[in-house]
Amino acid sequence: MFSHDLCWTGFLPIKRLPQEHKINRPANKEELFNLQCASAQNIIECIFGVFKCHFYILLLAPEYNIDIQAHIPAALCTIHNFIHTHDAEK
């Protein structure tokens, strides 16, 4: 699903559609809502894909109670942001 290079770079490349592909605009509020939900779902899935490459804990079966499991994604986001903020290789 994710390339090895993606795991190391920490960002997702933007795919541009060729000019012959036209994107239709949503016709009503429901289509707009569905488009926004699908877009958010894709972003979240990509984020978890990158996190799975960096943090092995997401690949393991949960060994913690549900209260601790609920805090793991937020903690990993904090660690990820800290690493990128204080990375000496920049």
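What share of the contacts in the chain with a separation of 6 or more comes from residues 24 or more positions apart? The share is 44%, where a contact means heavy atoms within 4.5 Å. Keep in mind that this is a predicted model, so local features are given at pLDDT of at least 70 and side-chain atom pairs at pLDDT 80 or more, while totals for chains, interfaces and linings use all residues. Residues are numbered from 1 along each chain as its sequence is written, and side-chain values use heavy atoms, with hydrogens and water left out.

**View 1. The whole chain has four helices and zero strands.** Reading from the N terminus, the order is α-α-α-α. Helices here are DSSP runs of H or I with at least four residues, strands are E runs of at least two, and numbering starts at the N terminus. The chain has 90 residues, and 10% of them count as buried. Buried is under 20% relative accessible area, exposed is over 50%, and partly exposed is in between (1.4 Å probe, protein chains only).

**View 2. Helix 4 has a buried side and an exposed side.** The helix has 14 residues and spans 20 Å from first C-alpha to last, close to the expected 20 Å; that expectation is 1.5 Å times one less than the number of residues. Ile-72, Leu-76 and His-80 are the buried ones. They sit on the same side of helix 4 because they cover an arc of only 70° around the axis, taken from the directions from the helix axis to the C-beta atoms. As background, an α-helix has 3.6 residues a turn, so residues three or four places apart point the same way. Over on the other side, Thr-78, Phe-82 and Thr-85 are exposed. What do the buried residues of helix 4 pack against? They pack against helix 2 and helix 3.

**View 3. Zoom in on Leu-76, a residue of helix 4 (residues 72–85).** Leu-76 counts as buried because its relative accessible area is 7%. Setting aside neighbours within four places in sequence, Leu-76 is in contact with Phe-51, Phe-55, Ile-57 and Leu-58. His-54 is 22 residues from Leu-76 along the chain, with 9.5 Å between their C-alpha atoms.

**View 4. His-80 is another helix 4 residue to look at.** At a relative accessible area of 16%, His-80 is buried. Beyond residues up to four places away in sequence, His-80 touches Phe-51 and Phe-55.

**View 5. Now hop across to Phe-48 in helix 2.** Is Phe-48 buried or partly exposed? Phe-48 is partly exposed, with a relative accessible area of 34%. Not counting residues up to four places away, Phe-48 touches Leu-58 and Pro-73. Phe-48 and Pro-73 are 25 residues apart in sequence, and their C-alpha atoms are 8.9 Å apart in space.

**View 6. Tyr-56, Leu-59 and Leu-60 make a nonpolar patch on the surface.** Patch residues have over 30% relative accessible area and no salt bridge; like charges are joined within 9 Å, and nonpolar side chains (Val, Leu, Ile, Met, Phe, Trp, Tyr) within 5 Å. A salt bridge is a side-chain nitrogen of Lys or Arg within 4 Å of a carboxyl oxygen of Asp or Glu. Where is Leu-60? Leu-60 lies in the loop between helix 2 (29–54) and helix 3 (66–69). With a relative accessible area of 39%, Leu-60 is partly exposed.

Definitions and conventions. Accessible areas come from the Shrake-Rupley method with a 1.4 Å probe; for residues, only the protein chains shown count as cover.
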